[in-house]
Amino acid sequence: MKCSRCGKDAVKSTTTFVSDLGDVLVVIRNVPCYKCEECGEIMYTGDVVLHIEKFVNTAKELKQEVSIIDYMKQVA
């Protein structure tokens with residue numbers, strides 16, 4: 001995959017996604033991604049984005065101050 005920012009090669013990797021919603025902090029660990037070897041840009045596939053949105057929405061509904069989710073354990 002090519003980086004959408006600089007055009008260099010992006011390789012499969014994992015990352016930690018963090019979303020601060022004001023009253024809720026969502027941390028999702030071990031998220032599959034593509035990471036640019038040159039500039040470090042992180043890119044997600046469409047299915048990963050859908051899972052992230054689901055996890056964030058669930059955390060908002062639960063109104064937990066901090067939610068830490070392991071992506072691989074939830075999707076597996």
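**View 1. Lys-12 in strand S1 of the predicted model.** Lys-12 lies in strand S1, which spans residues 10–20, and the model in which this close-up is drawn is a predicted one. With a relative accessible area of 69%, Lys-12 is exposed, because the cut-off for that class is over 50%. Leaving aside neighbours within four places in sequence, Lys-12 is in contact with Cys-33 and Tyr-34. His-51 is 39 residues away from Lys-12 in sequence, and the C-alpha atoms of Lys-12 and His-51 are 17 Å apart in space.

**View 2. Pairing of strands S1 and S2, and the turn that joins them.** Strands S1 and S2 pair in the antiparallel sense, over 10 bridges. Within this pairing, Ser-19 has Val-26 of S2 as its bridge partner. The hairpin of S1 and S2 has four residues between the strands, and Gly-22 in this hairpin takes a positive phi near 95°.

View 3. S2 is joined by five bridges to strand S4 (residues 66–70), and S2 and S4 run parallel. Val-26 has Ser-67 as its bridge partner in S4, while Val-26 is also the bridge partner of Ser-19. Two bridges join S2 to S3, and here the strands run antiparallel, with Lys-35 standing opposite Ile-42 in S3. S2 and S3 form a hairpin with five residues between them, and Gly-40 in the turn has a positive phi of about 85°.

**View 4. The largest nonpolar core, and another core apart from it.** The largest nonpolar core has 11 residues, among them Val-24, Val-26, Ile-28, Val-31, Ile-69 and Tyr-71, together with Val-48, Ile-52, Phe-55, Val-56 and Ala-59. Strand S2 (25–36) and helix H1 (46–62) are the elements that give two or more residues to this core, and the largest share, five residues, comes from H1. Apart from this core lies another one, of five residues, which include Cys-3, Ala-10, Tyr-34 and Cys-36. Ile-52, one of the residues of the largest core, touches Phe-17, Ile-28, Val-31 and Tyr-44 when residues up to four places away in sequence are not counted.

**View 5. The aromatic pair of Phe-17 and Tyr-44.** The count of aromatic pairs comes to two. In one of them, Phe-17 and Tyr-44 form an edge-to-face pair, with 6.4 Å from centre to centre and 75° between the planes. This pair links distant parts of the chain, since Phe-17 lies in strand S1 and Tyr-44 in the loop between strand S3 (42–43) and H1, 27 residues apart. Tyr-44 has a relative accessible area of 29% and is therefore partly exposed. Phe-17 and Tyr-44 are both touched by Ile-52.

**View 6. The aromatic pair of Phe-55 and Tyr-71.** The ring centres of Phe-55 and Tyr-71 lie 5.9 Å apart and the planes stand at 80°, so this pair is edge-to-face. Here too the pair links distant parts of the chain, with Phe-55 in helix H1 and Tyr-71 in helix H2 (residues 71–75), 16 residues apart. Phe-55 is buried, with a relative accessible area of 7%, and Tyr-71 counts as buried at 4% relative accessibility, because buried means under 20% relative accessible area. Phe-55 and Tyr-71 both belong to the largest nonpolar core.

Note on methods: Residues numbered from 1 in each chain as written. Predicted model: local features only at pLDDT ≥ 70, side-chain atom pairs only at ≥ 80, totals over all residues. Heavy atoms only, no water. Core = buried A, V, L, I, M, F, W, Y, C linked by side-chain atoms within 4.5 Å. Buried < 20%, exposed > 50% of the residue type's maximum accessible area, 1.4 Å probe, protein only. Contact = heavy atoms within 4.5 Å. Phe/Tyr/Trp six-rings, centres within 6.5 Å; stacked < 30°, edge-to-face > 60°. Pairing = 2+ DSSP bridges.
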